[in-house]
Amino acid sequence: MSRPDVAFLGFMMETVVTQVAEFSTPVLVDDISALPPERRAAITCAVTSAFNGARPELLDLLPNLTHIVSAGAGHDRFDFDDLRARGITLTDTGHLVSSDTAEMAVMLVLAIARDLVRADDHVRSGRWSNAHFGHRTRVAGKTAGIVGLGRIGRLIAERLTGLGVKIVYHTRTPKPDAPWPHESNLEELAARSDFLVAAVPGGAATRGMFDMAVLRALGPRGYFVNVSRGSVVDEEALIAALTEGTIAGAALDVFENEPRPDPRFTQLPNVLLTPHVASITEDYAAELAADISRQVAANLGIV
Ligand code: NDP
């Protein structure tokens with residue numbers, strides 16, 4: 001029997017493509033349209049990422065697609081009504097990214113509080129010999145407001161608890177098995193927090209939820225940390241709040257416009273910026289290749 005074709009709907013790491021190629025023929029995104037119609041019609045399984053989603057014009061080329069495996073956790077780049085209408089099921093690898101993303105959030109909390117990047121620069125630049133670095137903010141004993149207590153938010157809460165941080169969380173529905181207090185009002189949560197950490201999904205329901213009212217409630221000694229999606233923040237409000245000292249600082253892994261975030265962020269001394277890399281570890285890359293090929297193989301009935 002010939003090997004089945006598997007379509008890649010966007011860029012994918014070489015390790016994933018190689019492992020999927022062990023039992024199928026990967027068709028990379030730029031090659032899909034050139035494939036003869038009968039081969040395109042035979043494709044039932046595709047691979048994409050939370051970043052690339054599933055563009056309708058690509059799906060139009062694959063009329064018998066029934067399953068998409070997406071690398072990552074976010075679903076904000078997928079149109080579920082469209083997928084349902086086409087009879088396509090989506091699965092992801094979200095369970096693999098939670099730990100790395102939570103680790104990044106914890107690191108950002110520590111790094112923004114202790115001003116890690118500028119401390120490093122203080123030594124490298126030679127300024128240490130004629131100027132003290134100055135005092136920064138302790139993390140232990142402070143309160144973190146975790147917004148979103150799913151796979152990632154829970155791990156952030158557990159790990160910050162281990163550092164002596166008190167946890168309060170906000171979700172639409174309280175989580176009865178969570179050992180931390182729930183706060184139903186986001187502004188109230190911000191007012192109770194020294195660190196406000198975003199771990200909610202992107203999409204219409206969360207768009208701009210961190211607005212000026214929330215940032216004002218966080219206050220001039222509060223820090224905002226975002227490892228979820230840029231869309232959850234009103235970036236105009238955030239830039240104003242950072243510029244005017246409405247909040248103390250922010251550590252951001254995600255932005256409304258990636259990979260070209262608003263350049264005003266780079267001019268601010270009180271922000272720490274990372275290029276959407278919360279889950280990007282070598283360890284994850286290896287696990288991802290294994291998990292995607294397992295999901296694709298199961299879908300093709302090659303187990
Ligand atoms: P989960 O679906 O496991 O959890 C989401 C949590 O958010 C739930 O507790 C949910 O509770 C809460 N939530 C959803 N909508 C709202 C809302 N409108 N208001 C308040 N709370 C809300 O997601 P994960 O923890 O796996 O992932 C979260 C997000 O992190 C992903 O969707 C992705 O966008 C982002 N991410 C970012 C990465 C990075 O590299 N920076 C890597 C991986 C993920 P409830 O439904 O009760 O409100």
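A polar contact here is a pair of N or O atoms within 3.5 Å. Keep that cut-off in mind. What you see above is a predicted model.

Let's start at the ligand. Which residues come nearest? Of the 28 residues around the ligand, the nearest are Arg-151, Ile-152, Arg-172, Thr-173 and Lys-175.

Take Arg-172. One of its backbone N or O atoms lies 2.8 Å from an oxygen atom of the ligand. Next, Lys-175. Then His-276. An N or O atom of the His-276 side chain is 3.3 Å from an oxygen atom of the ligand.

How much of the ligand does the protein cover? On its own, the ligand has 930 Å² of accessible area, and the protein covers 87% of that.

Which elements give two or more residues to the shell around the ligand? They are α5, residues 94-114, and α7, residues 151-162. By class, the shell has 12 nonpolar residues, 11 polar and 5 charged.

Stay with those two helices. α5 and α7 pack with their axes 8 Å apart, at an angle of about 45°.

Last, two backbone details. First, some background. Most residues other than glycine have a negative phi, and most peptide bonds are trans.

Look at Asp-115. Its phi is near 55°, a positive value in a residue other than glycine. Where is Asp-115? In the loop between α5 and α6, the latter being residues 116-124.

Now Glu-258 and Pro-259. A cis peptide bond joins them, with omega about 5°. Pro-259 sits in the loop between β10, residues 249-252, and β11, residues 271-273.

How values were computed: Residues numbered from 1 in each chain as written. Predicted model: local features only at pLDDT ≥ 70, side-chain atom pairs only at ≥ 80, totals over all residues. Heavy atoms only, no water. Near = heavy atom within 4 Å. Polar contact = N/O pair within 3.5 Å; in protein donor to acceptor, adjacent residues only side chain to side chain. Areas by Shrake-Rupley, 256 points an atom, 1.4 Å probe, with all protein chains shown as cover. Helix = DSSP H or I, 4+ residues; strand = E, 2+ residues; numbered from the N terminus. Nonpolar A, V, L, I, M, F, W, Y, C, P; charged D, E, K, R; others polar. Axes fitted to C-alpha atoms, helices over the stretch in contact; angles between N-to-C directions.
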